[in-house]
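Keep the sequence and the 3D view handy as you read.

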Amino acid sequence: MSNFRTLDDVDLRGKRVLLRVDLNVPMEQGRVTDTTRLDRIAPTITEISDKAGKAILLAHFGRPKGPDAKDSLRPVATELANVLGRPVAFAGDCIGEAAQKAVAAMKDGDVLCLENTRFHKEEEKNDPAFVAELARLGDIWVNDAFSAAHRAHASTEGLGHKLPAYAGRTMQAELEALNKALEAPTKPVIAIIGGAKVSTKIDLLENLVSKVDALVIGGGMANTFLHAQGVNVGKSLAEKDLAATALRILDKAQAANCAIILPVDATVAFHFAANAPSHAYGLDAIPADGMILDVGPQSVERVHSAIDDAATLVWNGPLGAFELTPFDRGTVVAARHAAARTKAGKLVSVAGGGDTVAALNQAGVAGDFSYVSTAGGAFLEWMEGKPLPGVEVLRAK
């Protein structure tokens, strides 16, 4: 982390710390239903508070077009207080008199949550005047929201140009894990990339083939590659118009000496439904009216062998239609295999993306991977090799 400024580089005592966090948590009937993201930011908030800093939380919630009660952070602040085990004050705006009064009333060690930054359209525009208004409230800025770091908004990037900027502990952990996975990994490195569509992951695949030693392609994406190679995929989901793109990626992988691992067999059903009757077929025998909904048993063994050969694994996307039983089998079995290798100290495993986190939870192994990122878009853009504005602004100058 020598490239980035962290909380180790600043004396927090008496400082007003504008802390950008991710409070975009699932809600039902005004109550938080999953505290994972709150649990993750708790150590940074607690550290600032324990070191006599004033923790002033900045966050967005939802996609409001202006002030909207249903997108208020007030109920999230209430739940955060339960997670922290200490009071969290709340201000009805993130700028202006309400915010200024709430900050002025803080004592060292207090925690204050400001209202949804996206109630102001200037937040997403990274408007300089809005950035200046936010900056008035703090002495330093700490970014602990990797999940929003791919956006150059006022609270996620703009403040880093107005105030001394540091990475929070959640951001630090994320950057350290990602560095171990792709920037300076222990080789050999394998990536498992799944999901429905190649079109959403072209940049990702093209970046990875130059960085990893082997690339497993699964899910609906694999069908597009198989079709491009002349395999009859029946009625399976496939972007047949992207055949030329798939072949280009295969050529690029060959030139970079990256092994591409595609399915060699498939679990096929005739209806897209949970527990639909299914059968494993070789690729030369996919029925014309069949749908590939998961990798087959021989493909799972190939994935296991690839994991066994690797020292580092990066995973994004399921290998099949994991939301439907029994078509979650390939993903679940491979995830458990990777988790066992990780627990045995033989693999550094980093995974991220919404479906991926859900699949690892379904397999019961999310806690056994080296690191699981809850950041969706930011994790993908990082894997694509794109600079993230909210990270770049934290680099030590």
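## The second largest cavity

Sorted by class, the lining of the second largest cavity has eight nonpolar residues, one polar residue and no charged ones. Here Ala, Val, Leu, Ile, Met, Phe, Trp, Tyr, Cys and Pro count as nonpolar, Asp, Glu, Lys and Arg as charged, and the others, Gly among them, as polar. The residues that line this cavity are V216, I217, I261, L262, P263, V295, S299, V303 and L319. At least two of the lining residues come from β10 (214–217), and at least two from α9 (297–309). Its volume is about 40 Å³.

A quick word on the model: it is predicted, so local features need pLDDT of at least 70 and side-chain atom pairs count only at pLDDT 80 or more, while totals for chains, interfaces and linings use all residues. Residues are numbered from 1 along each chain as its sequence is written, and side-chain values use heavy atoms, with hydrogens and water left out.

## The largest cavity

How many cavities of 30 Å³ or more does a search of the whole structure find? There are two. A cavity is a set of points, on a 1 Å grid over the protein atoms alone, where a 1.4 Å probe fits but cannot get out; lining residues have an atom within 4 Å of a point. Grid points are joined across faces, edges and corners, and the volume is the space filled by probe spheres set on the points.

The largest cavity has a volume of about 120 Å³. It is lined by 14 residues, and D22, D144, S147, T170 and T374 lie nearest its centre. The elements giving two or more residues to this lining are α1 (36–50) and α5 (169–183). Helices (H or I, at least four residues) and strands (E, at least two) are DSSP runs, numbered from the N terminus. By class, the lining of the largest cavity has six nonpolar, three polar and five charged residues.

## Two crossing helices

Now look at helix α10 (residues 329–343) and helix α11 (residues 354–363): their axes come within 9 Å and cross at roughly 75°. Axes are lines fitted to C-alpha atoms, for helices over the stretch in contact, and angles run from 0 to 180 degrees between N-to-C directions. That is why α10 and α11 are roughly perpendicular to each other, a label for angles of 65 to 115 degrees.

On the α10 side, T331, V332, A335 and R336 meet A359, L360, Q362 and A363 of α11; contact means heavy atoms within 4.5 Å. This contact has five nonpolar, two polar and one charged residues.

The structure holds 19 salt bridges, each a side-chain nitrogen of Lys or Arg within 4 Å of a carboxyl oxygen of Asp or Glu. One of them joins the side chains of R20 and E123 (4.0 Å, N to O). R20 lies in strand β1 (residues 16–20) and E123 in the loop between β6 (111–114) and α4 (128–135), so the pair ties together parts that are 103 residues apart in sequence.

Most residues other than glycine have a negative phi, and most peptide bonds are trans. The bond from K187 to P188 is cis, with omega near 0°, and P188 sits in the loop between α5 and β9 (189–193). The bond from T325 to P326 is also cis, with omega near 0°; P326 lies in the loop between β15 (312–316) and α10. Then there's A52, which has a positive phi of about 65° although it is not a glycine. You'll find A52 in the loop between α1 and β4 (54–58).

Conventions. 1 Å grid on protein atoms, 1.4 Å probe; cavity = no way out; pocket = protein on both sides within 12 Å on 5 of 7 lines; lining within 4 Å. Parallel < 35°, antiparallel > 145°, perpendicular 65-115°, else oblique.
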